[in-house]
Amino acid sequence: MTDGSFLTTLIEIWELHRLTERTLEHLYMFSVSLAVSIVVGVILGVLIYRHRKIESLTFNVLNVIETIPTLALLVLLLPILGLGMVPTIAACILYSILPIARNTYTGLVTVSEEYIEIARAIGMSEREILLKVRFPLALPLIMGGIRIAVVFTMGVVTLGGLIAAGGLGAPLQTGIHLYDKLLILVAGLWVGILAVLLDAFAGAVERVLSRKFRGEYD
């Protein structure tokens, strides 16, 4: 197969299976899931920090959810949420809360006491210390949790193709059913490229936050 015919074949596969539309669906589910996970995970991490008695129970529950196989969780959600995007997004959120909440809590409790003592010495309240000292210093670690959630979310959204959620999981399933190796290769590689790009972006944000906030307090 010449380069020209191979490129033509790729374009035909892309158009036939509407991979542009599938990519937009995929990124929509990914974005909604990650946004909700960040909000819920950070709030939960702060609540656990403020109320240490719920730490063990909360993380144990989240750890149990994390151990449920993805396909099993999707199946469990089907009777409640039906087929499509909704159970896929819900599964993504359930899997992604743990790393964000855990990193938020860890980031808040591991701030050096030197910074806390300085903040108290200049008259800051505990609320102000949390918002102006602890939280900024915890941001790099929180971003690390978000980076883990990015990987989880991409994987679960892809599996959503099994329950008619659309996205890039749909052409992958089509390729498997038809034993179309080229379609599987194209869709699989495209999912992998997207995952690498999103992880690289999250890593870059993590490094920027680390330099910015660690530098300000050093």
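This is a predicted model: local features need pLDDT of at least 70, side-chain atom pairs count only at pLDDT 80 or more; totals for chains, interfaces and linings use all residues.
Histidine 17 sits in the loop between helix 1 (3–16) and helix 2. This histidine is buried, because its relative accessible area of 18% falls under the 20% limit. Leaving aside neighbours within four places in sequence, histidine 17 is in contact with Arg22, Thr174 and Leu183.

We turn now to a pair of helices. Two packed helices are described by the angle between their axes and by the distance between those axes. For helix 2 (residues 19–50) and helix 7 (residues 126–159), the axes come within 9 Å and cross at roughly 140°. Helix 2 is therefore oblique to helix 7, since an angle has to be over 145 degrees to count as roughly antiparallel. The crossing of these two helices is right-handed.

On the helix 2 side, the contact is made by His26, Met29, Phe30, Ser33, Leu34, Ile38, Val42, Val46, Tyr49 and Arg50. Helix 7 contributes Leu130, Arg134, Phe135, Ile142, Ile146, Ala149, Val150, Thr153, Met154, Val157 and Thr158. Sorted by class, the contact of helix 2 with helix 7 comprises 15 nonpolar, 4 polar and 2 charged residues.

Note on methods: Residues are numbered from 1 along each chain as its sequence is written. Side-chain values use heavy atoms; hydrogens and water are left out. Axes are lines fitted to C-alpha atoms, for helices over the stretch in contact, and angles run from 0 to 180 degrees between N-to-C directions. Helices (H or I, at least four residues) and strands (E, at least two) are DSSP runs, numbered from the N terminus. Angles under 35 degrees count as roughly parallel, over 145 as roughly antiparallel, 65 to 115 as roughly perpendicular and the rest as oblique. A crossing is left-handed if the near helix is turned anticlockwise from the far one by less than a right angle, and right-handed if clockwise. Contact means heavy atoms within 4.5 Å. Ala, Val, Leu, Ile, Met, Phe, Trp, Tyr, Cys and Pro count as nonpolar, Asp, Glu, Lys and Arg as charged, and the others, Gly among them, as polar. Buried means under 20% relative accessible area, exposed over 50%, partly exposed in between (1.4 Å probe, protein chains only).
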